[in-house]
Amino acid sequence: MTPPPSDVASRQSASSQDDAKANLDNLAINTIRTLAIDAVEKADSGHPGLPMGMAPVAYTLWTRFLRYDPADPNWPNRDRFVLSAGHGSMLLYALLHLAQVQRTDKEGRSLGQLAVSLDDIKTFRQLGSVCAGHPEHGLTTGVETTTGPLGQGAGNSVGMAIAGLWLAARYNRPGRKLFDYDVFALCSDGDMMEGVASEAASVAGHLRLSNLCWIYDDNTVTIEGHTELAFSEDIAERFRGYGWSTLRVDDANDCEAIARAIDTFKATDDRPTLIVVKSVIGYGSPNRQGTSKIHSDPLGAEEIRLTKAAYGWPVDAQFLVPDGVYDHFAGAMRERGGKLRASWQASFDAYGGEHAVEADDLKTMWAGGLPEGWDSDIPSFAADPKGVATRDASAKVLNAIAPHYPWLLGGAADLAPSTKTHLNFEDAGDLEFRTWGGRNMHFGVREHAMGSIANGMVLSKLRPFTATFLIFSDYMRPPMRLAALMEVPTVFAFTHDSIGLGQDGPTHQSIEQLAGLRAIPHMRLFRPADANETAEAWRAILSETEKPCILVLTRQALPVVDRNRYASAAGVARGAYVLAGDPGETPQVILMGTGSEVSLAVEAFERLTKEGVKARVVSMPSWDLCEEQDKGYRDAVLPPSVTARVSVEAAAPLGWDRYAGRSGEIIAMHSFGASAPIGPVMKKFGFTADHVYEAARRQIEGLKQ
Ligand SMILES: Cc1ncc(C[n+]2csc(CCOP(=O)(O)OP(=O)(O)O)c2C)c(N)n1
Ligand SMILES: [Mg+2]
């Protein structure tokens with residue numbers, strides 16, 4: 001039967017609309033590819049391969065699925081897109097550009113410019129460009145996290161997914177679903193090889209994070225060549241072992257297959273999803289197929305012409321965005337994301353009327369503020385010569401703060417009974433599968449992922465803390481460094497901070513860790529000397545909005561300094577302060593230290609004072625904070641004219657010369673420690689009041705040993 005003429009016409013027009021759409025799809029995908037090619041070529045550095053291979057996948061995800069309003073890139077319920085394979089940064093810049101994402105300031109106000117303009121793309125990898133070599137959060141609006149060290153973005157995405165479920169559990173109300181966002185991470189072979197991604201995937205599988213989707217670019221090529229060289233496990237099988245749902249897309253260019261996989265992810269409500277996408281890494285001419293190096297280098301003029309010809313692109317055009325592409329790409333994002341955001345906003349406004357306290361909390365959280373009264377119950381500790389371990393003092397302080405700070409949450413890498421970071425107030429609860437709103441996290445023995453996950457949470461505006469032994473900071477340095485680079489206030493607590501931990505011995509006794517951590521720019525480190533300094537350290541740490549902080553605590557008890565006799569612990573806020581001795585009087589000798597060794601200095605000070613020596617003890621819990629004080633203050637605490645100085649810290653000496661000076665005596669660790677009870681260990685390595693006293697005597701006599 002012949003259909004009526006009008007029907008034929010409408011079918012014809014439907015199919016020509018389909019053709020036009022397919023054309024626009026291709027045009028947009030090839031725009032992403034050619035922008036990446038041209039930017040890398042102009043910079044003469046960068047990786048065009050990933051953007052070329054993954055353009056159709058990213059295009060499909062962004063234009064058809066991502067719930068993201070380019071006009072409000074900070075919308076709290078936006079889907080997150082994390083480019084874990086940060087070397088493919090041009091992919092992200094091209095996406096942000098084509099989506100016409102608006103640039104915002106630190107407070108999230110629109111600046112009336114594009115987050116990434118075409119001119120920005122033309123300055124890829126140049127000084128001052130928002131298109132840095134690898135995506136940098138804070139530098140470029142829309143970059144959800146800083147990536148480049150492979151595996152980190154994958155780890156961050158797990159923290160973002162946890163944050164989404166935590167926020168939903170805490171703040172969603174019947175009929176008011178404020179939080180239901182998904183987190184997508186694009187991962188490469190390198191991400192899949194890195195241990196941190198495996199740890200994080202294991203956590204995600206355990207927690208059954210069904211709002212998490214990793215898209216794995218299975219292009220079988222890394223820098224040194226084919227992955228056969230070094231990587232032969234069945235990755236999907238591995239992830240099934242972790243408890244993930246795994247899907248496969250055989251051709252990265254098959255947008256419909258990609259869309260079906262994302263649909264399946266969205267319909268999966270009991271586990272995270274890995275989509276393994278087979279792709280051929282972006283090559284230029286066919287004769288380069290199979291070579292390995294090309295993806296990490298600019299293509300070169302000839303390759304570019306051949307590649308553009310293969311895409312049906314004008315071979316000489318550069319940084320070309322053909323007519324219709326912006327409307328098509330940004331239009332699709334705006335259409336879906338704008339509507340979703342507007343209805344979310346209406347819902348949030350109504351929520352404010354119904355749940356004023358929660359709405360205020362959320363606003364404070366999003367602004368990076370502190371809840372009112374958060375520090376009202378911070379205890380102060382009475383003088384006690386027998387003392388309290390700073391980890392125990394910390395437990396009391398943390399548990400006095402956390403009930404007033406609803407979005408402060410965290411945990412340890414299986415050491416909470418030792419780090420004393422468990423939140424034990426009523427209703428604190430455990431964050432587990434289905435009890436998403438818990439405040440106690442259990443990272444398992446996965447320090448590296450713990451740091452990455454915490455960073456993902458802090459990027460979602462929560463206030464996470466982590467905890468383990470100081471020695472294992474070595475296992476989580478990369479995310480700590482990235483928190484500093486991103487200027488986000490993750491809190492990293494560490495206990496068992498020196499040879500003072502005793503019998504576990506040198507494998508567990510940190511030596512060079514303090515120096516190494518102090519060397520990280522834009523990081524704050526506190527090593528409090530007693531219980532009251534610990535309380536002040538927590539106060540300073542949680543007041544910090546733009547710096548990650550490290551809190552270094554003891555396992556062993558330390559005397560609680562008598563604050564009626566000596567200076568107030570409020571001096572912690574200035575990094576270093578005169579603890580003992582008349583601050584108005586120029587001392588004959590300065591004794592300085594941090595943490596557990598400060599009490600040795602105080603003992604030596606008492607002996608010197610009895611003998612008529614004018615001595616001073618300077619407690620220096622935070623070097624970096626001390627360095628930020630004005631010169632007047634620093635010189636008042638450590639008068640330059642006083643060169644008789646002794647420093648004491650049970651750690652590597654690196655850095656102490658700055659304070660002890662050329663002629664001062666540095667009592668420090670020059671070797672690994674030893675396995676024995678604390679008494680003999682401290683004595684063997686010279687951490688006694690007698691030793692400090694003798695050094696002070698030598699200094700006064702000008703006899704440097
Ligand atoms: C932790 C870490 N180690 C090494 C590198 C250097 N690096 C950059 S890309 C890359 C591997 C590239 O292969 P793959 O991850 O498969 O990405 P593709 O080239 O396929 O896009 C390496 C080793 C890095 N960025 N991070
Ligand atoms: Mg690869």
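Tutor: The structure under discussion is a predicted model.

Student: How do you know what end-to-end span to expect of helix α2?

Tutor: The expected span is 1.5 Å times one less than the number of residues. Helix α2 comprises 17 residues (residues 49-65) and should therefore span 24 Å; its end C-alpha atoms lie 24 Å apart, in agreement.

Student: What makes α2 mostly covered?

Tutor: Of its 17 residues, 16 are buried.

Student: Why is C131 called buried?

Tutor: Buried means under 20% relative accessible area. C131 has a value of 0%, so the term applies. C255, at 15%, is therefore buried as well.

Student: How do you know that C255 is in no disulfide?

Tutor: A disulfide requires two cysteine sulfur atoms within 2.5 Å. The nearest cysteine sulfur to C255 is that of C213, 15 Å away. By this rule the model has zero disulfides.

Student: Which residues have the most contacts inside the largest nonpolar core?

Tutor: They are V158, L209, W214, L591, M620 and F687, in a core of 159 residues. Helix α5 (residues 152-171) supplies the largest share of this core, 11 residues. Leaving aside residues up to four places away in sequence, L209 touches V158, A161, I162, L165, A204, R271, P272 and W436. A second, separate core has 61 residues, including A43, A55, Y59 and M90.

Technical notes:
Residues are numbered from 1 along each chain as its sequence is written. Chains are lettered from A and ligands numbered from 1 in the order in which they are written. This is a predicted model: local features need pLDDT of at least 70, side-chain atom pairs count only at pLDDT 80 or more; totals for chains, interfaces and linings use all residues. Side-chain values use heavy atoms; hydrogens and water are left out. A nonpolar core is a set of buried Ala, Val, Leu, Ile, Met, Phe, Trp, Tyr and Cys residues joined through side-chain atoms within 4.5 Å. Buried means under 20% relative accessible area, exposed over 50%, partly exposed in between (1.4 Å probe, protein chains only). Helices (H or I, at least four residues) and strands (E, at least two) are DSSP runs, numbered from the N terminus. Contact means heavy atoms within 4.5 Å.
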